Amino acid sequence: MSTMRTDVVVVGGGIAGMVAANRAAELGRKVLLLERGAEPKYLCNSRYTGGTFHVCMDDIMAGHDKLLALIERMTGGFARPDLMESIARDAERSVRWLQQQGIRFIKASAAAHQGWVVAPPGRTRPGLEWEGRSGDVMLRTLEAAFLARCGQVLRGTRAMALQMQGDRCIGVRAQQATGEISISADAVVLADGGFQGNPELMAAHITAAPEKIRQRGAGTGLGDGLRMAQEVGAALVGLDRFYGHLLSIDALHNDQLWPYPYPDAVATAAIVVGPDGKRFADEGMGGVYLANAIAKLPDALSAVIILDDAVWQGPGKNGLVPANPHLPNVGGTFHTAGDLATLAAKAGLPADAVTATVASYNAAFAAGQLAGLTPTRTADRYKPMSLLKAPFHALPVCAGITNTMGGVAIDGDARVLRADGGPIEGLYAAGATSGGLEGGASVGYVGGLVKGAVFGLRAAEHLAAKVTA
Ligand SMILES: Cc1cc2nc3c(=O)[nH]c(=O)nc-3n(C[C@H](O)[C@H](O)[C@H](O)COP(=O)(O)OP(=O)(O)OC[C@H]3O[C@@H](n4cnc5c(N)ncnc54)[C@H](O)[C@@H]3O)c2cc1C
């Protein structure tokens with residue numbers, strides 16, 4: 001086994017790892033970044049990302065108080081107060097710091113959350129296209145800045161275990177094609193991107209049938225950081241929730257249907273039913289919430305959006321890659337009929353149940369009683385619509401997972417915590433590896449990029465104050 005010595009080891013070269021590595025190097029520390037991917041443009045969610053820096057799908061520059069209120073509302077009491085405070089305080093600073101590294105932002109649309117999108121933004125067409133776009137340019141810019149600061153990147157290097165001395169983390173063991181390497185360090189930052197790419201962990205925490213969930217990212221998060229941290233006594237939090245979207249059921253075999261278009265805007269204006277023709281979740285909580293509910297169904301491939309033509313011609317056309325017309329155009333199953341009974345038959349659903357479900361939804365809508373439905377229907381986040389205008393449509397969907405929300409418990413400085421709440425000295429976690437901010441009963445989504453950037457910065461700043469240059 002070969003050995004190395006450095007001040008700081010960062011595990012993973014996505015946004016969280018690259019920000020942590022750069023900031024620690026900027027603060028004068030000797031930093032080694034380990035990346036499992038062997039290619040110069042190794043794949044990860046940060047490479048695929050749409051590049052929108054938002055907080056809870058709102059303006060990242062809204063200021064501390066508004067951001068804190070947004071996160072509190074979105075996460076419904078789940079998020080740790082210190083993590084919410086870190087995001088509220090440092091969201092803007094993280095964007096400004098990225099600008100200083102040479103990353104350019106543009107306003108992609110008039111929507112509040114799209115004021116700060118990494119340039120050049122993704123193309124507005126179906127399927128995956130990342131090369132030369134936001135995330136790819138962002139990572140290459142950060143890697144160049146890191147190398148200019150004398151940072152070292154070891155690609156093709158998979159961190160496997162943490163090294164401890166008593167209660168303190170003193171390094172990491174990693175696997176390379178040529179053998180094992182042992183790296184001693186004063187601090188380790190875990191930033192390996194979550195566990196969505198690990199079928200066993202997915203089956204344990206997210207869904208009974210991982211093969212029925214479409215990866216809508218790189219799938220490179222294998223849960224190594226989670227396992228390594230757990231082995232040395234870290235607490236884990238909120239593993240049952242993920243960030244993702246609804247996708248056409250055909251996304252499982254048709255690459256034109258992921259990561260875009262996603263029909264969330266259609267589902268949140270209409271209703272989603274299971275194989276019994278009945279609603280099973282509160283559509284008004286949003287597409288991320290619905291994707292989680294679908295993943296937990298006895299059959300995760302049994303959900304169908306039922307909508308009318310007013311929804312299809314309205315919200316169906318919302319967004320940068322709208323479901324209308326892209327989803328049917330690129331091969332997504334889309335049933336249409338002049339009446340609900342015929343539509344249900346085409347979609348393989350019980351006609352009586354679908355007709356009754358739509359009727360009771362329409363009656364509750366007309367009476368202003370959507371909250372009284374079972375399951376209830378929230379109406380203050382996404383605007384519900386009545387379902388009256390023929391033709392009617394049915395859109396079979398599956399859950400698309402981007403990254404897990406839960407993970408290693410951290411504090412506001414990204415220090416990894418034990419079950420007793422105390423920190424493990426020398427050990428930090430940032431980005432999708434970490435938990436405690438997003439998830440909970442409301443499946444609160446704060447933002448993958450802001451989470452990675454803020455806790456990457458904070459990890460580096462905390463450890464730099466401890467590690468002597
Ligand atoms: C299509 C798409 C669009 C998105 N759009 C947005 C958006 O507009 N706004 C937003 O906020 N979020 C968006 N997201 C989510 C966001 O991109 C992610 O939450 C974020 O990039 C996660 O960053 P990360 O650094 O935690 O993980 P990653 O970017 O996944 O990086 C983790 C890295 O760790 C490496 N690794 C894994 N295991 C090991 C190991 N054992 N040793 C060494 N290295 C390891 C992986 O290879 C990977 O390179 C999007 C995601 C996708 C896929």
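Which residues in H1 meet which residues in H14?

Modeller: This is a predicted model, in which local features need pLDDT of at least 70 and side-chain atom pairs count only at pLDDT 80 or more, while totals for chains, interfaces and linings use all residues. Residues are numbered from 1 along each chain as its sequence is written. Helices (H or I, at least four residues) and strands (E, at least two) are DSSP runs, numbered from the N terminus. Ile15, Ala16, Gly17, Val19, Ala20, Arg23 and Ala24 in H1 meet Leu449, Gly452, Ala453, Phe455, Gly456, Leu457, Ala459, Ala460, Glu461, Leu463 and Ala464 in H14, where contact requires C-beta atoms, placed from the backbone, to lie within 7 Å. The residues of this contact divide into 13 nonpolar, three polar and two charged, with Ala, Val, Leu, Ile, Met, Phe, Trp, Tyr, Cys and Pro counted as nonpolar, Asp, Glu, Lys and Arg as charged, and the others, Gly among them, as polar.

The axes of H1 and H14, which are lines fitted to C-alpha atoms over the stretch in contact, with angles running from 0 to 180 degrees between N-to-C directions, come within 7 Å and cross at roughly 30 degrees. That makes H1 roughly parallel to H14, a term for angles under 35 degrees. Both helices, H1 (15-26) and H14 (448-466), are among the elements that each supply at least two residues of the shell around the ligand, and H14 gives the largest share, four residues.

Terms used:
Angles under 35 degrees count as roughly parallel, over 145 as roughly antiparallel, 65 to 115 as roughly perpendicular and the rest as oblique. Two residues are in contact if their C-beta atoms, placed from the backbone, lie within 7 Å.
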